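Hi everyone, thanks for making time this morning. I'd like to walk you through one structure, so please have a look at it first.

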Amino acid sequence: LSTASAHSPKASPAPLLARRLVIVSGKGGTGKTTVAAALGLAAAEAGRRVLVAEVGRDEHVPRLFGRDGPELAPGLHSLRIDPYDALAEYLALQVGMRPLVERALRNRGFRQLMDASPGWRELITLGKIWHLEQQDAFDLIVVDAPATGHGLTFLDVPRVVVSTLRAGPLRRHAEWVADLVRDAERTVLLPVTLAEELPVRETLQLVERVREQVGVAVDRVVVNAFATDPCPPGVPDLDARLARLAPVPGLPGPDVASACVRHLRSRHELNRRYLDELARRSELPAVVLPFVAEGVRGPEALRGLATPLLAEPT
Ligand SMILES: Nc1ncnc2c1ncn2[C@@H]1O[C@H](COP(=O)(O)OP(=O)(O)OP(=O)(O)O)[C@@H](O)[C@H]1O
Ligand SMILES: [Mg+2]
């Protein structure tokens, strides 16, 4: 036990950058790709060799950096894992004869058959991530995982395969992958959510199922795009005060400014309420990232999210 854990009821979690594998997941559109990119950049700037691995049809991370190539910044690489490419690589390693394997994988009938079969994409994608982790070319791999719903299957497939197959190479590979996913020293799941009703509900379900079923460590939640309080400290009645201002010719009336503040305040209060509910029901500390009105594009904007992202969660 460290001194910190001896003095506080709950020890603060190990820093994200101490992990080998951070799997960013959450409901669609909550900011997974943004968070994965910001974390990757922060880690690279702290001197780590970092890979941001995207799982999905499209490649978004290079565009966030305004780049085409795989090197986004010194020490920071990105890769989109295509399950068919990963399968070709795996089969070629296993049976050799890569051209033959690739020809089979391009075959339409074979593709239709594979598209209809569950699980193999997740397993092969995780297998590729496992392989990258083993190679030791990167200190940290940040996975931009599929949206939840798909996200859970994504992490749970190795366990299902292990429990279904008694022996054989597939079971052995699934075991290796499951061991990596469940190793709390190396791997952590980082859920990203908005402080709103539906994303919070989905995040609570994700955390519960991950704890009960998948066994991946989860030690904090990222609450993204949080509306900060428009009222400065000690001025909770800013809207009322603005409403009393004398009108200025050529500008919208004081009632407009007052309504803007009220609107921002209600957003803030709603976010606050769902942040509290999430913290209470998940019993997890939260890392809160502000809503950035100008949007998050380019290294400068991503850097702006790095400090709160790496701060000790509260
Ligand atoms: N903190 C923030 N402030 C303002 N805008 C944000 C913030 N975080 C993300 N965004 C914007 O929200 C949109 C969705 O973000 P992002 O693409 O990272 O979500 P996602 O979870 O990866 O989505 P998908 O499920 O489609 O992959 C983007 O336009 C992004 O720029
Ligand atoms: Mg995304």
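This is a predicted model: local features need pLDDT of at least 70, side-chain atom pairs count only at pLDDT 80 or more; totals for chains, interfaces and linings use all residues.

Residues are numbered from 1 along each chain as its sequence is written, chains are lettered from A and ligands numbered from 1 in the order in which they are written, and side-chain values use heavy atoms, with hydrogens and water left out.

When I say helix or strand, I mean DSSP runs numbered from the N terminus: H or I with at least four residues for helices, E with at least two for strands. H12 covers residues 254-282, and its 29 residues reach 42 Å from first C-alpha to last, close to the 42 Å expected. That expected span is 1.5 Å times one less than the number of residues.

Which residues of H12 are buried? Among them are Pro 254, Val 261, His 268, Tyr 274 and Leu 278. Buried here means under 20% relative accessible area, exposed over 50%, and partly exposed in between, with a 1.4 Å probe and protein chains only.

Now, the ring pairs. The structure holds two aromatic pairs. Rings of Phe, Tyr and Trp (its six-membered ring) pair if their centres lie within 6.5 Å; planes under 30 degrees apart are stacked, over 60 edge-to-face, and the rest tilted. Tyr 84 and Trp 120 sit edge-to-face, 5.0 Å centre to centre with 65 degrees between the planes. Tyr 84 belongs to helix H4 and Trp 120 to helix H7, so this pair ties together parts 36 residues apart in sequence. Tyr 84 is buried at 7% relative accessible area, and Trp 120 is buried too, at 11%.

The other pair, Trp 130 and Trp 176, is stacked: 5.0 Å centre to centre, 15 degrees between the planes. Trp 130 is in helix H7 and Trp 176 in helix H9, 46 residues apart. Is each one buried or partly exposed? Trp 130 counts as buried at 17% relative accessibility, whereas Trp 176 is partly exposed at 34%.
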